[in-house]
Amino acid sequence: MPVTSCQLCGSDALELALDLGLHPLADTFLKKEQLNESDERFPLQCLRCKACGHAMNSYIVPATKRYQENDYSYDSGNSKVAVSHFKELAADVIQKRHLSSDDLVVDIGGNVGTLLAAFNEACGAQILNVEPAPNIAAVSEKNGIPTIQDFFNAAVAKNIAEKGGASAITSTNSFNHISDLNEFVENIGTALQPDGVFVFEVPYLLPLIQMTAFDTMYLEHISYFSVTPLAAYFKKKGMVIADIVENDYMGGSMRMSVGKSGAEFPELEQWIVRETKEKLFEDDTYAQFRGRVEDFKSSLMAELTAAKKGGGRLIGIGAATKGNTLLNYCGITKDLIEFITDASPYKIGKYTPGSHILIQPDEAITDAITHALILPWNIGEFLKLKLSPKYPRIAFITPHVE
């Protein structure tokens with residue numbers, strides 16, 4: 001479905017910020033028998049609203065296609081980085097909201113329940129996962145996490161309200177996947193207790209642009225959020241921004257807490273001023289961004305091609321969703337990258353969408369491999385520390401960071 005107006009302010013004054021071409025769904029890893037099927041591709045273009053500054057994809061793929069037609073492949077419990085991050089997030093919310101065993105915490109798109117388990121272990125809170133992917137919801141239930149296998153809709157919100165409402169509703173890297181923000185925020189209001197808080201964490205547009213992290217853009221990501229347009233949006237909705245925290249998770253994220261009442265975050269204006277000073281909403285910023293994305297492609301392909309021509313054998317490290325945007329935009333296939341390693345049993349044995357590169361376990365790496373492209377560059381140092389002692393001959397290439 002083509003996007004014709006801004007989700008936050010409703011304006012139709014939308015301008016193309018970046019065009020990455022046609023892409024398959026980045027989070028849909030393929031089984032071998034699916035390789036004979038033609039890849040369904042959609043335009044991956046980022047638009048920006050000239051009225052409020054919000055950034056968004058130009059095309060929305062239906063959520064059922066994104067999360068329910070194929071087995072979902074991401075398991076947050078399989079990542080040490082994610083597990084550690086979610087423990088910190090839970091501790092932060094518990095401390096700021098004084099949560100206890102009397103409180104209900106709901107996680108929207110809670111995957112296998114990693115964050116909710118952290119809440120329960122830290123303060124004994126009651127927990128509920130709302131997860132649309134059938135295979136992942138089943139794992140969440142197996143992990144002992146009460147789970148509703150559905151999208152967060154009006155019926156689910158009413159169900160939560162009838163239980164007494166949630167003291168905290170969390171959404172980690174899923175609020176930016178929402179097709180209809182107005183409906184979603186209304187449902188948040190229904191499900192929250194009067195003094196409850198909605199805490200969402202998403203990639204932050206400012207470092208995304210500054211780091212040329214175009215691979216944070218993919219079809220599953222509907223919105224690319226910044227503070228200025230969100231401040232105006234939540235004010236219009238009668239909601240209050242209570243807190244904002246920036247961190248380096250996913251290469252640069254912001255964690256925002258929003259309530260139906262209470263005091264406004266005292267540093268909110270400073271965030272808005274910062275985005276203005278950094279020229280986040282100016283035309284030239286996006287013109288430069290587009291130029292850097294093109295330069296990135298040329299530079300990376302020259303480096304990989306030179307390594308291959310020099311007799312090198314190249315693999316990828318980490319079958320990350322962002323990696324699929326990079327692979328497909330740059331035109332990298334199995335002719336250049338022999339295989340990609342990953343630790344997730346949900347990905348091993350499958351193939352990357354579009355580029356059709358086989359995913360194998362780390363044990364597939366041999367001494368013959370000379371170069372490794374780290375696709376989840378945001379945890380590049382962690383992966384190098386993990387693999388370098390075993391494979392000292394490999395030259396690791398970390399996009400964006402190096």
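## Terms and model

A polar contact is a pair of N or O atoms within 3.5 Å; within protein, one must be able to donate a hydrogen and the other to accept it, and residues adjacent in sequence count only if both atoms are side-chain atoms. Helices (H or I, at least four residues) and strands (E, at least two) are DSSP runs, numbered from the N terminus.

The model is predicted, with local features needing pLDDT of at least 70 and side-chain atom pairs pLDDT 80 or more, while totals for chains, interfaces and linings use all residues. Residues are numbered from 1 along each chain as its sequence is written, and side-chain values use heavy atoms, leaving out hydrogens and water.

## Helix α5

Let's start at the N-terminal end of α5, which Asn153 caps: a side-chain oxygen lies 3.2 Å from the backbone nitrogen of Ala155. After the helix comes Gly164, with a positive phi near 110°.

Within α5 (residues 154–162), Val156, Ala157 and Ile160 are buried (under 20% relative accessible area, with a 1.4 Å probe and protein chains only; exposed is over 50%). Viewed down the axis, these buried residues fall within an arc of 100°, so they line one face of the helix. The arc is taken from the directions from helix axis to C-beta atoms. Ala155, Lys158 and Glu162 are exposed on the other side.

## The four-stranded sheet

Elsewhere, an open sheet has four strands in the order β1-β2-β3-β9, paired antiparallel; pairing requires at least two DSSP bridges. β1 (14–23) and β9 (223–224) stand at the edges with a single partner strand each, so one side of each is left without a neighbour in the sheet. Met56 stands opposite Ser223 in β9.
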